[in-house]
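Visitor: Can you take me through this one? I'll ask as I go.

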Amino acid sequence: MSIHKESVKRVTTHVLSEMKLKGEKISMLTSYDYSMATIVDRAGIDVILVGDSASNVMAGHETTLPITLDQMIYHGASVVRAVQRALVVVDLPFGTYQGNSKEALNSSIRIMKEASADAVKLEGGSEVLESVNRILSAGIPVMGHLGLTPQSIHKFGTYAVRAKEEEEAKKLLEDAKLLEEAGCFAIVLEKVPATLAKKVAESVSIPIIGIGAGNGVDGQVLVIHDMLGITQEFSPRFLRRYHNLFAEIKGAVETYIGDVKSIDFPNEREQY
Ligand code: KIV
């Protein structure tokens, strides 16, 4: 699908809820920079998530915890400059919304003003409800994130599948309903059993976007570096690799090095 500026109809939160009503699946991918976001948007993606996974894939940290609000705003603004059609959601980074709803609102306002994002995403259910309410009361659309919430990795101690036990599954369903009642426009559901994810999607009216949550939900999200095969070590069962860009880029760089060393590059047509 090619997108021309004049004919572009923006994806809004309202469009996403209509898609759920019609049973049309929502496509979502991460992007963190202008060039990648341009490609992803022109391909026709519905939602671009400027995820705090930037902490891993862009900055090389082991977890999502170190990334700062200033860094998320930098990535968000770069993506927004590229996008013509997709809805752009920017993650609130760890430590900018959990403890204090006023800080949560201030962080969200900075993301909306300085990155010109369309919405913010945050992790958690009842624990962050006060922050969710305060952000929503300022008219800022909020996407929730339940199941495996990477900002809590030190509490979980593992990236294993969440909510396999009945008690955790019950809380997850309650949290999804709380976020819906509060006014969140969608929820990311990460690494939970497919049967539970389907039940959640059927129990709420807002779109549930899954990652490692089966196909009974309203849409799917992946980290772009993982699905393009740029990252190598990360290979969870839910990940489908659509390319092996690591090998392709490495091959191109090796050829370039060879061309430089052998004085094949630049040739006569490539000089002035
Ligand atoms: O930060 C991120 O990329 C995410 C996705 C994995 C949903 O939250």
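Visitor: What does the domain assignment of the protein give?

Guide: Domain 1 (13-241) and domain 2 (245-272), with bounds from an automatic or database domain assignment. Their C-alpha centres lie 39 Å apart. This is a predicted model, where local features need pLDDT of at least 70, side-chain atom pairs count only at pLDDT 80 or more, and totals for chains, interfaces and linings use all residues. Residues are numbered from 1 along each chain as its sequence is written, and side-chain values use heavy atoms, with hydrogens and water left out.

Visitor: Which side chains have a polar atom by a ligand oxygen?

Guide: Among them are S53 at 2.5 Å, D91 at 3.2 Å and K121 at 3.0 Å. A polar contact here is a pair of N or O atoms within 3.5 Å.

Visitor: And how much of the ligand does the protein bury?

Guide: The protein buries 95% of the 260 Å² that the ligand exposes when taken alone; areas come from the Shrake-Rupley method with a 1.4 Å probe.

Visitor: New topic. How many aromatic pairs are there in the whole structure?

Guide: The search finds 2, counting rings of Phe, Tyr and Trp (its six-membered ring) with centres within 6.5 Å. In one of them, F234 and F238 have ring centres 6.4 Å apart and planes at 70 degrees, so that pair is edge-to-face. Planes under 30 degrees apart count as stacked, over 60 as edge-to-face and the rest as tilted.

Visitor: Where does the charged end of R162 sit?

Guide: Over the ring of F156, 3.8 Å from its centre. The criterion is NZ of Lys or CZ of Arg within 6 Å of the ring centre and within 35 degrees of the ring normal.

Conventions
Polar contact = N/O pair within 3.5 Å; in protein donor to acceptor, adjacent residues only side chain to side chain.
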